[in-house]
Each structure stands twice: as structure tokens, then as C-alpha cells.
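Thanks for coming. I have one structure to show, and I will go through a few of its parts in turn.

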Amino acid sequence: MIEDDRQAERAAPASDDNTATAAFSPQSFLFVPGSRPERFERALESGADAVIIDLEDAVEPAAKDAAREHVANWVSRRHPVLVRINGRTTPWFEQDAKLGALDGVAGIVLPKAEQAADVAEIVSRARRSIPVFPLIESAAGMWNAMEIARAPCVTRLLFGTLDFIAEMGMSDDGEALNYYRAQLALISRVAGIEVPVDGVTPDINDTDRLECDAANGKRQGFGAKLCIHPKQIEAVHRCYRPGEQELRWATRVVEAASKASAGAIVLDGKMIDRPVLLRAQQLLALDAAVRRKA
């Protein structure tokens, strides 16, 4: 699921080697409690791009060992998922991290990531180069985010907004966190990993807030969002996937470039330079990747 359609692309018509490619990256990550194995299949059928079986916040301490067994008994290559394990300082970390050795575990979500050594410990326990998705949800994690992003096997940073504001003594997980969102987007770009994933919107019935949160994250350079209920997935996809208006614009830009001779490209009285053309190509390539996945 996570690695499907990695090579989807659309050739660019520019006169040089301007070729835009877009590997499909999940834009919706749906949590499902590890203590509820009857929900695992339904989560996969929800339309979410990626499913995270949660052994941390969604599972009471007394049920954690049983939840780990549920995951071990269920995962397979037929339905790969991500697993959020318990943090490195907890008594469940060592056994949880060993789940990374299973073929059906496509990646490990690491909560409370605060240093590169946290990531290295997971890879060591899994005994393979498994993708790791660190959750940045503390001041120390934010401070060391570049170190974490550059650690081996890190695929993408996730922003644990609710835990972060609790530690920071903040009261707003929306625009008040935009400085930190921008930092994570910048760090991801410099580290050469995929764009980050924004935190959850806790009220599953507040569609307006969800759409506002998703749009805000996109403006800050995020490319996906964590979801806690299947009903949140559609709105997240509407936000992060190219809309019809964007695609029409991108198509016109690429067509104008293909017809232009050497020199400036002009569309609707505006110059189309290389960054604009690349953006148009990326939108079309992303749309192609989404369609192939579907």
C-alpha cells in the first residue's frame, strides 16, 4: 500500500529535460486501535491511503500485550499497514519494535521521537531497514527534528500537535502552530524526505474545522493529515489532492510550454518561468499517480 505506484509520471513537453515525476505519497493516515482487531479490515476498506494500527494512545496498559499479539497474528503481505508502537521509554517498546520484522508491517510510527538514536533503536530491533515515521510531539523532538529527519530509514515526519501544545502550554493547535509546521516542512525538504504529515482534528463531526485545518496545513507545506475516523478521509483528500481548477491551470501551462519556441512563455499575459512550469508538471504527475492508485 505504501510503496505502490511509486513511479507514476507524466512526461513534460518543455524543450529541455523538464520532466516532472510524482511518486504517490499517502495523504490520509487513519488510526485504528490495536485492541480492536475486528476493525482492521474495515480500516483498510475505508479509502484511507495508509492505515496505522495504534498500540500507544488507543490501548490501555493492561491490553497492550494482547494488542501486540493481535497485530502479529493479523498482518501479512496481503494487507500491509503501519504500526504506531509505544515510546522508547516505555516497558512495551522492545517487544513492539520487533513487530517491524514482520513482512506485513510496512513501517513503524515512533511516538515521542526526540533524537536520532530513537530511530536507530527501532531499526536494530526490527533487524531490517524498515521505514520509520517519527512523531514530533515534544519540545525536544522539535529542537532535534533535523537530526531525526536525517536518521537512516526515516521516511516522513508526523506532527503530534495535541501532545506538542500540551507540553508547550499552548491552547491552540491551529494557526498558533504554524511556525512549527513551517519548520518541519523546511527540515523535511532540506533532509530530502517526503513532506510532513499534520496532526489530527479531534472533533470528528466538525467538518468545517477539519477542512480549515487541512487547508492550513497545506499552506504550511504539509502534504497529508492524520485521521481518527473514516468520515474524515474524504475532506482530507479534497484538500491535498489537485482540484479540477488546479488541473485545468496546469494543463494549460504545460500545453503553452509545449507550443512555445525558445524564449519566454506567456499565458494570459503572465510569464511562465521554470518554477511555474515545474509546479504545473508536478500537479499533473500527482493527479496521474492518484488515478493509478485508484
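D96 sits in helix α3, residues 93-97; helices here are DSSP runs of H or I with at least four residues, strands are runs of E with at least two, and both are numbered from the N terminus. D96 has a relative accessible area of 1%, so this residue is buried, where buried means under 20% relative accessible area, exposed over 50%, and partly exposed in between, with a 1.4 Å probe and protein chains only. Neighbours within four places in sequence aside, D96 is in contact with L55, R68, I85 and N86, contact meaning heavy atoms within 4.5 Å.

Some ground rules. This is a predicted model, in which local features need pLDDT of at least 70 and side-chain atom pairs count only at pLDDT 80 or more, while totals for chains, interfaces and linings use all residues. Residues are numbered from 1 along each chain as its sequence is written, and side-chain values use heavy atoms, with hydrogens and water left out.

As for the whole, the protein chain has 12 helices and 12 strands. Of its 294 residues, 51% count as buried. Taking contacts between residues at least 6 apart in sequence, 67% join residues at least 24 apart.

Next, the strands. What does β10 pair with? Strand β3, residues 28-33, runs parallel to β10 and is joined to β10 by 3 bridges; strands count as paired if DSSP finds at least two bridges between them. S28 has K225 as its bridge partner in β10. Strand β9, residues 197-198, also pairs with β10 in the parallel sense, over 2 bridges, and there V197 has A224 as its partner. From β9 the chain goes through α9 to β10, a β-α-β crossover that is right-handed: with the strands pointing away from the viewer, the path from the first strand over the helix to the second runs clockwise.

In a regular strand the side chains alternate between the two faces of the sheet. In β10, residues 224-227, A224 and L226 point one way, K225 and C227 the other, and all are buried.

D198 is in strand β9 and is buried, at a relative accessible area of 1%. Beyond four places in sequence, the contacts of D198 include D213, G217, A224, K225, L226 and Y240.

G221 is in the loop between α9 and β10. Is G221 buried or partly exposed? Its relative accessible area is 29%, so G221 is partly exposed.

Last, the helix pair. Helix α9, residues 207-219, packs with helix α10, residues 233-240, at an angle of about 35°, the axes being 9 Å apart; axes are lines fitted to C-alpha atoms over the stretch in contact, and angles run from 0 to 180 degrees between N-to-C directions. On the α9 side the contact has L210, E211, A214, A215, G217 and K218, and on the α10 side A235, V236, R238, C239 and Y240. By class, that is 7 nonpolar, 1 polar and 3 charged residues, with Ala, Val, Leu, Ile, Met, Phe, Trp, Tyr, Cys and Pro taken as nonpolar, Asp, Glu, Lys and Arg as charged, and the others, Gly among them, as polar.

Helix α10 is largely enclosed by the rest of the structure, because 6 of its 8 residues are buried. Those are I233, A235, V236, H237, C239 and Y240.
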